[in-house]
Amino acid sequence: MRKTLAMTALMLSGLACLTTGTTAQAQDIQAQRLYNQSLAATCANCHGTNGVSVPGVTVPMINHLPESVMYELLMAYKTGKRTGTIMHQLAKGYTDEQLKTIASVLGKKN
Amino acid sequence: MNRRHFLGQSAAVAGLAFGLNGQAQASSLKSAQIVVVGAGYGGATAAKYLRMFSNNTAQVTLIEPNPEFISCPLSNLVVGGSQQLSALSVPYAGLAKNHGVKMVKDMVASIDRQKKTVQLASGQTIKYDKLVLSPGIGLMMDRVEGLEEANKAGVTLQAWKAGAETTALHKQIAEMRDGGVYALSIPLAPYRCPPGPYERVCQVANYLQKNKPKSKVLVFDANQDVTSKGKLFKEAWAKLYPGIIQYTPEHNVTAVDAKTRTIKFEVQEDVKADVLNILPPMRAGDLIVKAGLADANARWSNVNFLNFESVVAKDIHIIGDSIQVAPAMPKSGHMANQHAKVTAAAIVAELSGFAVNPQPVLTNTCYSFVNATDVVHVASVHQYVPAEKTFKTVAGSGGLSPAPTALEGTYAWGWAKNIWADSLV
């Protein structure tokens, strides 16, 4: 009896550890998704929530841009290849990696 | 070792594992009561993004006494008469309808930090697990002798919290005699909306030039110089409103006399004016001060910039104009919206059992109208610097417009409509 119980207890804690492992991975993905969403949300003030502008608004639309095109545009603003009224000043404040993340969240998937 | 002891131990091990893995924590995201106070640019955005970032699972209550949102940005156009307040107003209905935020139309009278409750003016008590405070600024009327009474009587106006006073200020200007004097006083920084006063005098001058051209605009700034977009504003004043705007720095208002409409200064001689727009020194919203959360010079709240939690009160997050700012961080509506998103993501992360984002980013863009159509901007990007535990602007980023343009005027309206939707719809 004692042996059986001990085995059960071990199995239970083993199961718990296993669950911990996979959940931790799932959590890392969830956490990263949240960080990425919150980074992309820095654009929403001017370009709309999730990059979707209020209809008829004069700020240039971004939500039709494929991910790769959006990243290229952001990098062009950052490096000075492209000028604008304000985007060239803002793009310079982000790392290349951050601009890539923003494009991956807000850009259309190819 | 007896059986019970062994079982107890293994249960504890398993329980620990579950506790750490977040399964138990995830339910706390669903069960936690999150209460947000103040539905301006900060609080409304926090409530909406708490719902969005939690996939609509977090329970979010938003407490706000006003029937609708009225934007402070662009409200100088109402002071100058080229816009109506209704063009800057947005209903709160979208937050409930589109995002499931529970709206409570009331004021928070006090906070019980031990019991983790807020007491409303109506007498109701609401429990919180996480509290987000976004009450805006408090006006320190008592720092200027006679101002409290003068403002109550409507002899002086602040119109710095957009609403009835904004319309009343335009009315006073419209009713002023031609050849009259409009005076604006600016307190020492930090105050809400650094370029706001300088934009306001553009709008007043624009109105007076067309309607009462013999009138004057006097600006008394307690600061050493124009605190934001200085060169651009000075160029606009000289080019667009020659002979109308008279700017004087280092003028600190100490008293007003409502009977004689006189402004008294620390050093200089008294000045009389027809319309007195006196902006007193500012501090965190009254609720913050009353709750003992204004730990920076008894005026602002120090926060942990990773999650905007007060450094003196666990589970109370403070955003927007009420905080002790990081270097070069303006007190603006745009910035409050950005604080809100970092805070919403951090609260969702904490309640889900994972670490908060170690590298948050904030931006600021601010458009100022120099007349009814032409605009200049200032922009900045603020990255969190872990070694210094603060936000810093990125060298080489941000900047100003070279000159006012009508194109940026259209962008200013686009910004407004999109940020209102981003915060409230």
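Predicted model: local features only at pLDDT ≥ 70, side-chain atom pairs only at ≥ 80, totals over all residues.
**Entry 1: a residue in chain A**

I began with Asp28(A), which is exposed, with 12 other C-beta atoms within 10 Å. Asp28(A) belongs to helix H1 of chain A, which covers residues 2-40. I then looked along to Ser38(A): 10 residues separate it from Asp28(A) in sequence, and the two C-alpha atoms are 15 Å apart in space.

**Entry 2: chain A as a whole**

How many helices and strands are there in chain A? I found 5 helices and 0 strands. Read from the N terminus, the order of elements is α-α-α-α-α. Of the 110 residues in chain A, 36% are buried. I also looked at contacts in chain A between residues at least 6 apart in sequence, and 59% of them join residues at least 24 apart.

**Entry 3: chain B as a whole**

Next I turned to chain B, where I found 12 helices and 26 strands. The radius of gyration of chain B is 24 Å, close to the 22 Å from the globule rule for 425 residues, so chain B is as compact as a globular protein of that length. I looked up the spans of the C-alpha trace too, and along the principal axes they are about 95 × 45 × 40 Å. Buried residues account for 51% of the 425 residues in chain B. For contacts in chain B between residues at least 6 apart in sequence, 68% link residues at least 24 apart.

Where the domains meet, 10 residues of domain 1 of chain B are in contact with 11 residues of domain 2 of chain B. Which strand gives the most to the side of domain 1 of chain B that touches domain 2 of chain B? I found strand E10 (residues 137-139) of chain B, with 3 residues. By class, that side of domain 1 of chain B holds 4 nonpolar, 3 polar and 3 charged residues.

**Entry 4: the largest nonpolar core**

I read up on a general point before this one: in soluble globular proteins, nonpolar side chains tend to be buried together. The largest nonpolar core here has 151 residues, and Leu50(B) and Val348(B) touch the most other members. Helix H11 (residues 333-352) of chain B supplies the largest share of this core, 11 residues. At least three residues of the core come from each of domain 1 and domain 2 of chain B.

**Entry 5: a helix and a loop**

I picked helix H8 (residues 196-211) of chain B, which has 16 residues. From first C-alpha to last it reaches 23 Å, close to the 22 Å expected at 1.5 Å a residue. H8(B) is mostly covered, with 13 of its 16 residues buried.

My last stop was Ser82(B), in the loop between helix H4 (75-79) and strand E4 (89-91) of chain B. Why does Ser82(B) count as partly exposed? Ser82(B) has 17 C-beta neighbours inside 10 Å, and a residue is buried only if 20 or more lie within that distance and exposed if 12 or fewer do. Leaving out residues up to four places away in sequence, Ser82(B) touches Leu77(B) and Ala372(B). From Asn55(B), 27 residues away along the chain, Ser82(B) is separated by 41 Å between C-alpha atoms.

Terms used: Residues numbered from 1 in each chain as written. Chains lettered and ligands numbered in written order. Helix = DSSP H or I, 4+ residues; strand = E, 2+ residues; numbered from the N terminus. Expected span 1.5 Å × (residues − 1). Contact = placed C-beta atoms within 7 Å. Nonpolar A, V, L, I, M, F, W, Y, C, P; charged D, E, K, R; others polar. Rg over C-alpha atoms; globule rule 2.2 N^0.38 Å. Core = buried A, V, L, I, M, F, W, Y, C linked by C-beta atoms within 7 Å. Domains from an automatic or database assignment.
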